[in-house]
Amino acid sequence: MASATGIPQDHPHTIEAREDEPLLGRREDVVQKESEPIFYNVFAGTATFAQFGVWMLIILIWSGIFNHPLILFSAHPLLNSSAILLQIQATLILQPTITPQQKTLGTRVHYSLQAVSLVLFIAAFIVIEVNKGDHPRLTSPHGILGLTTYILIILQSLGGIVQYFLPQLVLGSVERGRSLYKYHRLSGYLLLILELVTVSAATRTTFNLSVLAIPLWAVLVAAGLVLIGVGARIKKHKLGLI
């Protein structure tokens, strides 16, 4: 419909469609239908790219570890990779939700998976600290990135808990908590990139170069697929971009 000035007026449904439109791909690819179980979300649209990428990463890491005698250090990459796997599932589950009921269920599954993921990350950190013993720390890009990533993961988790569970107590109102959702989402996507960069940096460590021999190019391909699959389903309005 056009106005008296001849400028087309946006129909409400047109506005909604534009808001739900992902950064890449079609809107229909990333919106959960009311008749579909929420777990379909982990495969909808470009999620298949993310799944292929993260499982490729799991296979690379786990096969590298289990093809050699297991030591205490072995638990570190196994726990970290499992945590990243859960994080990606938690993101894919929540992204396509649109109705209040879907968002509520999606959020519950999201924070449940993220809680387990956080425990795995903390366990991985403890393992590497015990394994290091009296040896120097932060001597490689991977070590520096790893510690930074662990700290940011904890801060991200605390932020999510405050915004969703304790907004009235900590922030003063539910509305203030909701106003921070977009920053939580954005920081979550940035944190995922940092995690994948940290994993890539691990391929340049002495232990990987001399023992595991996990190729950097394969990790980069897997990481790229994850970022394409997850990034293409980001809804611009949820990040405050429109």
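**Figure 1. Aromatic pairs in the predicted model, with Phe73 and Phe207 as one example.** A search of the whole structure finds 7 aromatic pairs. In the pair of Phe73 and Phe207, the ring centres are 4.8 Å apart and the ring planes lie at 65°, so the pair is edge-to-face. An angle over 60 degrees is what places a pair in that class. Phe73 sits in the loop between H2 and helix H3 (75-94), and Phe207 belongs to helix H9 (residues 206-212), so the pair ties together parts that are 134 residues apart in sequence. Phe73 has a relative accessible area of 18% and is buried. Phe207, at 28% relative accessibility, counts as partly exposed.

**Figure 2. The ring pair of Tyr111 and Tyr164.** The centres of these two rings are 6.2 Å apart and their planes are at 50°, so the pair is tilted. Tyr111 is in helix H4 (residues 100-132) and Tyr164 is in helix H5 (residues 141-165); the pair links distant parts of the chain, 53 residues apart. Tyr111 is partly exposed, with a relative accessible area of 31%. Tyr164 also counts as partly exposed, at 33% relative accessibility. Ring pairs join Tyr111, Tyr164 and Phe165 into a cluster.

**Figure 3. The largest nonpolar core and Leu57.** This core has 40 residues. Leu57, Ile88, Leu92, Val226 and Val230 are the residues with the most contacts inside the core. Two or more residues come from each of H2, H3, H4, H5, helix H8 (181-202) and helix H10 (216-231). Leaving out residues up to four places away in sequence, Leu57 touches Leu196, Val199, Val219 and Ala222.

Figure 4. Ile38 has 6% relative accessibility and counts as buried, because the cut-off for buried is under 20%. With neighbours within four places in sequence set aside, Ile38 is in contact with Gln32, Ile93, Thr97, Gln102, Leu105 and Gly106. Lys103 is 65 residues from Ile38 in sequence, and the C-alpha to C-alpha distance between Ile38 and Lys103 is 9.8 Å.

Methods: Residues are numbered from 1 along each chain as its sequence is written. This is a predicted model: local features need pLDDT of at least 70, side-chain atom pairs count only at pLDDT 80 or more; totals for chains, interfaces and linings use all residues. Side-chain values use heavy atoms; hydrogens and water are left out. Buried means under 20% relative accessible area, exposed over 50%, partly exposed in between (1.4 Å probe, protein chains only). Contact means heavy atoms within 4.5 Å. Rings of Phe, Tyr and Trp (its six-membered ring) pair if their centres lie within 6.5 Å; planes under 30 degrees apart count as stacked, over 60 as edge-to-face and the rest as tilted. Helices (H or I, at least four residues) and strands (E, at least two) are DSSP runs, numbered from the N terminus. A nonpolar core is a set of buried Ala, Val, Leu, Ile, Met, Phe, Trp, Tyr and Cys residues joined through side-chain atoms within 4.5 Å.
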